[in-house]
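Subject: Structure for you to look at

Hello,

Below is the structure I said I would pass on.

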Amino acid sequence: MNKQPILIVEDEPNIAGLIETYLEHAGFATLRAADGSRALELIRIVRPRLVILDLLLPEIDGWSVAHALRRESDIPFLILSAQKDEIDRVAGFTAGADDYVVKPFSPRELVERVRAILRRYEAGATEEQPMILRAGGLELDPGRYRVSRGADEIELTLIEFRLLQALMRAPGRVQTREELITRLYDDEPDVIDRVIDVHVGKLRRKLEPDPSSPRLIRTVRGVGYRFATEDEER
Ligand code: CA
């Protein structure tokens, strides 16, 4: 049993208390931060198992915490926000968030989302004899959650990693956005297609010598994406 705490970053004590109660009832250890700078401090010292992140915070706002979190770690996080706008939702995922919950929310559902993220995340890391994938000069090692090209390690977010893994499993095979969404967000059927496009764009910038004419991750117009076959890489 993983006893690393879940960090609740929320400046409204009532909401923080509610989340804490539900998480602890579900068997999780928790920790609270009421502002962004305290959150960053705790993230660096404690290395929480997951972070629940409110966006509107004193000191340092949630977006900056999200970016720092992604830059410095692969700790999963869930954004909690009063902002209903779809733009924010997309921005949340592009900031590397593993999920996004809009206030007001059901604490029970929040706990379910936390469980789902941890399932995805920890399954990826502990799969038995995970298969190392090699294609396009890249090596993807699910057991070590690591992607490299030669001696260079390429840093990816969890979602980018899963996306690349899905594509590299079957070079040449077209995968629709819907298929990819199911693989990436099995508990979130309504994630919009654009989220995939945004993550593909980010992967290409990290992997392709010329992201504007991608060689490894090919677009199949109107359908989805596929990883290049060996013939195409030459
Ligand atoms: Ca707030």
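Strand β4 (residues 77-81) is joined to β5 by four bridges, and the two run parallel. Strands here are DSSP runs of E with at least two residues, helices are runs of H or I with at least four residues, and both are numbered from the N terminus. Two strands count as paired if DSSP finds at least two bridges between them. Within β5, Leu80 has Val101 as its bridge partner, and Ile79 has Tyr100.

Before going further, two remarks on the source. The model is predicted, so local features need pLDDT of at least 70 and side-chain atom pairs count only at pLDDT 80 or more, while totals for chains, interfaces and linings use all residues. Residues are numbered from 1 along each chain as its sequence is written, and side-chain values use heavy atoms, with hydrogens and water left out.

The parallel sheet

β4 belongs to an open sheet of five strands in the order β2-β1-β3-β4-β5, with parallel pairing. Its edge strands are β2 (30-33) and β5, each of which pairs on one side only. From one strand to the next, the twist averages 20 degrees.

Is β4 buried or exposed? Five of the five residues of β4 are buried, so the strand is largely enclosed by the rest of the structure. Buried means under 20% relative accessible area, exposed means over 50%, and partly exposed lies in between (1.4 Å probe, protein chains only). Both faces of β4 are covered, with Phe77, Ile79 and Ser81 buried on one side and Leu78 and Leu80 buried on the other.

β4 also pairs with β3, in the parallel sense and over four bridges. There, Asp54 has Leu80 of β4 as its bridge partner. The chain goes from β3 through α3 to β4, a β-α-β crossover that is right-handed. Right-handed means that, with the strands pointing away from the viewer, the path from the first strand over the helix to the second runs clockwise.

Helix α1 lies across β1, β2, β3 and β4 and runs at about 170 degrees to β2. Helix α3 packs on the sheet as well, touching β3 and β4, and its direction makes about 155 degrees with that of β3. Axes are lines fitted to C-alpha atoms, for helices over the stretch in contact, and angles run from 0 to 180 degrees between N-to-C directions. Contact means heavy atoms within 4.5 Å.

The calcium ion

Which protein atoms are the donors of the calcium ion? They are Asp11 (OD), Asp54 (OD) and Leu56 (O), lying 2.1 to 2.4 Å from the ion. Asp11 lies in the loop between β1 (6-9) and α1 (13-25) and Leu56 in the loop between β3 (50-54) and α3 (62-72), so this pair ties together parts that are 45 residues apart in sequence. Donors are N, O and S atoms within 2.8 Å of the metal (3.2 Å for Na, K and Ca); water is not among the atoms, so sites may look incomplete. Asp11 is partly exposed, at 29% relative accessible area, whereas Leu56 counts as exposed at 58%.

Lys103

Lys103 sits in the loop between β5 (99-102) and α5 (107-126). Lys103 is buried, with a relative accessible area of 13%.

The antiparallel sheet

Four strands form another open sheet, in the order β6-β7-β8-β9, with antiparallel pairing. The edge strands are β6 (133-135) and β9 (152-154), each pairing on one side only. Three bridges join β8 (residues 146-149) to β9, and Arg149 has Asp152 as its partner in β9. Helix α6 (residues 158-168) lies across β6, β7 (138-141) and β8, at about 115 degrees to β7.

The whole chain

The protein chain has nine helices and 12 strands. Of its 234 residues, 50% count as buried.

Regards
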